[in-house]
Amino acid sequence: MANVKPRVKVPKKAAAGDVIVIKTLINHKMESGQRKDKKTGEPIPRKIINNFVAKFNGETVFEVGVEPAVSANPYFQFSVKVMESGEFTFTWTDDDGTVYDTAKSIEVS
Amino acid sequence: MKTDRRNFCALSAGALTLALAGNRVATADGHAVEERIAEFTGGAEAATGTIELKAPEIAENGNTVPISVSVESPMTADNYVSEVMILATGNPLPGVATFKFSPMSGSATASTRIRLAKTQDLIALAKMSDGSVFSDTKSVKVTIGGCGG
């Protein structure tokens, strides 16, 4: 997919020890492999994002094993307890091996 | 061919196998769901409470059903929620998503949007760092299925 664009919402600032909420969204069809082509009757092959990982300063904080029952344009909301300033990295892995990623930094006082 | 008693048995066994196979393709049967639960819990008995699964009572569109799950836990390095698995018992494939938390999660809550093929029960299972398992079930009525034609 040419124009896959991950979107992530992370607060810019937080106090040390705060539990912050992160929202992520990525546009992807999430072809479940259950649908059939209406003209030919052939099943449409599965193509989904099968894994999502959020890391903070290199350490994995949240991970999702994704299966075909997750809706198109998968949305994940989760929380993280921040103790120090740093950078979040987010990676989505496609069935075909493509990796989509983005990063957001946060200032913790 | 005359259907005597002997080959009647063979015929009906064949028909039964076919019926079962057909059922498996149409929706995930109880067997597949149980398999996934056993795989996740590793044989531990799932207790109720502690985990809460939130889902709408009626979902008009099965293509995007918002769900959220939260587990009560102090989320410290030696006592936290390690994994939460969501299962949809009425979908062609029961698996939905598995959330893996860490002590850095702060609170074990997560939400996403899922597809539901028809009216069915959702199961959420939480595995704690000490190996204990908790579960919650929610029934969702679906007006339009979300798994395509």
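A salt bridge here is a side-chain nitrogen of Lys or Arg within 4 Å of a carboxyl oxygen of Asp or Glu. Keep that in mind as we walk through this predicted model, where two salt bridges are counted between chain B and chain A.

**Stop 1: the whole interface.** Show both chains and select the residues in contact: 28 from chain B and 29 from chain A. Putting the chains together buries about 2,300 Å² between them, and carbon and sulfur atoms give 48% of that area.

**Stop 2: the polar pairs.** Between chain B and chain A you are looking for 19 residue pairs in polar contact, with both residues at pLDDT 80 or more.

**Stop 3: the chain B side.** Select residues 95-101 of chain B, which form strand S6, and then 108-114, strand S7; each supplies at least two residues of the side that touches chain A. Which element gives the most to this side? It is S6(B), with seven residues.

**Stop 4: one pair up close.** Zoom in on Glu63(A) and ask which residue of S6(B) is its bridge partner. The partner is Lys100(B).

Notes
Residues numbered from 1 in each chain as written. Chains lettered and ligands numbered in written order. Predicted model: local features only at pLDDT ≥ 70, side-chain atom pairs only at ≥ 80, totals over all residues. Heavy atoms only, no water. Contact = heavy atoms within 4.5 Å. Buried area = accessible area lost by both parts, 1.4 Å probe. Polar contact = N/O pair within 3.5 Å; in protein donor to acceptor, adjacent residues only side chain to side chain. Helix = DSSP H or I, 4+ residues; strand = E, 2+ residues; numbered from the N terminus. Pairing = 2+ DSSP bridges.
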